[in-house]
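Here is a friendly tour of one protein chain for someone new to reading structures. Take a look at the sequence and the 3D view, then read on.

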Amino acid sequence: MTIRRGGTLTDSNHQLLALWAASCAEHVLDLFESVQPEDLRPRQAIELVRAWARGEITMTQARTAAGHAQGAARDLSGAARHAAYAAGQAAAVAHVAAHELGAAAYAIKAVRAAAPEAERESVGRLECRWQRNQLPTAIRELVLDDERLRNYICWSVFDC
């Protein structure tokens with residue numbers, strides 16, 4: 001069990017949050033890799049948080065990968081930057097479960113940034129719905145509740 005914002009979170013649900021965040025980040029990873037095909041840091045961060053969820057690496061290793069993915073974003077802008085940040089946030093879930101929404105929010109920001117101006121809101125809503133469709137039943141209400149509570153600090157991207 002883990003203490004999370006005053007409540008408990010089972011290890012299995014923490015792992016599910018990490019896997020869901022990894023899926024959200026991976027869904028937009030091509031927006032980074034199309035700009036930086038030689039930079040493997042975001043992809044490695046996603047792979048390592050999945051390895052953490054399987055019990056194959058430590059939290060510290062996943063957290064380190066998160067920092068490297070964030071570093072890959074620093075000199076970029078737009079969709080590529082947001083996609084790298086999504087990967088970093090996903091890997092950070094191993095350290096703090098609440099980063100799951102960071103991965104999802106940055107993924108939505110990535111698809112919005114990649115779309116023509118007139119389509120940004122609609123593609124963002126589609127991405128948000130896609131993410132919700134990926135939620136395992138065991139964590140669905142937890143994530144939806146988090147989205148409602150923290151939407152205002154996540155650029156209001158969860159209005160879908």
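Predicted model: local features only at pLDDT ≥ 70, side-chain atom pairs only at ≥ 80, totals over all residues.

Residues are numbered from 1 along each chain as its sequence is written, and side-chain values use heavy atoms, with hydrogens and water left out.

**The whole chain**

- Seven helices and two strands make up the secondary structure of the chain; helices (H or I, at least four residues) and strands (E, at least two) are DSSP runs, numbered from the N terminus.
- The chain has a radius of gyration of 15 Å, which agrees with the value near 15 Å for a compact globule of 160 residues. This radius is taken over C-alpha atoms, and the globule rule is 2.2 Å times the number of residues to the power 0.38.
- Along its principal axes, the C-alpha trace spans about 45 × 35 × 20 Å.
- Of the 160 residues, 49% count as buried. Buried means under 20% relative accessible area, exposed means over 50%, and partly exposed is in between (1.4 Å probe, protein chains only).
- Among contacts with a separation of 6 or more, 67% come from residues 24 or more positions apart; a contact means heavy atoms within 4.5 Å.
- About 7,700 Å² of the chain is accessible surface, and 50% of this belongs to carbon and sulfur atoms. The areas come from the Shrake-Rupley method with a 1.4 Å probe, and for residues only the protein chains shown count as cover.

- Helix α6 has 15 residues and reaches 21 Å from its first C-alpha to its last, close to the 21 Å expected at 1.5 Å a residue. The expected span is 1.5 Å times one less than the number of residues.
- Which residues of α6 are buried? They are G124, E127, C128, Q131 and R132.
- Seen down the axis of α6, these buried residues fall within an arc of 140°, so they line one face of the helix. The arc is that of the directions from the helix axis to the C-beta atoms.
- An α-helix has 3.6 residues a turn, so residues three or four places apart point the same way.
- Turned away from the buried side is a face that carries the exposed residues L126 and N133.
- The cover over the buried residues of α6 includes α1 (11-33), α5 (100-114) and α7.
- R129 also lies in α6, and R129 is partly exposed, with a relative accessible area of 38%.
- A polar atom of the R129 side chain lies 3.4 Å from the backbone oxygen of C160. A polar contact is a pair of N or O atoms within 3.5 Å; within protein, one must be able to donate a hydrogen and the other to accept it, and residues adjacent in sequence count only if both atoms are side-chain atoms.

- L135 sits in the loop between α6 (120-134) and α7 (137-150).
- Is L135 buried or exposed? L135 is buried, with a relative accessible area of 8%.
- Leaving aside neighbours within four places in sequence, L135 is in contact with W20, R140, V143 and L144.

**Helix α3**

- Helix α3 (residues 59-73) has 15 residues and reaches 22 Å from its first C-alpha to its last, close to the expected 21 Å.
- The buried residues of α3 are A62, A65, A66, A69, Q70, G71, A72 and A73, and they pack against α1, α2 (41-53) and α4 (78-92).
- Q70 has a relative accessible area of 18%, and Q70 touches Y85, G88 and Q89, not counting residues up to four places away in sequence.

- Most residues other than glycine have a negative phi.
- W155, in the segment after α7, has a positive phi of about 60° although it is not a glycine. W155 is partly exposed, with a relative accessible area of 41%.
- S156 is also in the segment after α7, and its phi is positive, near 55°. S156 is partly exposed, with a relative accessible area of 35%.
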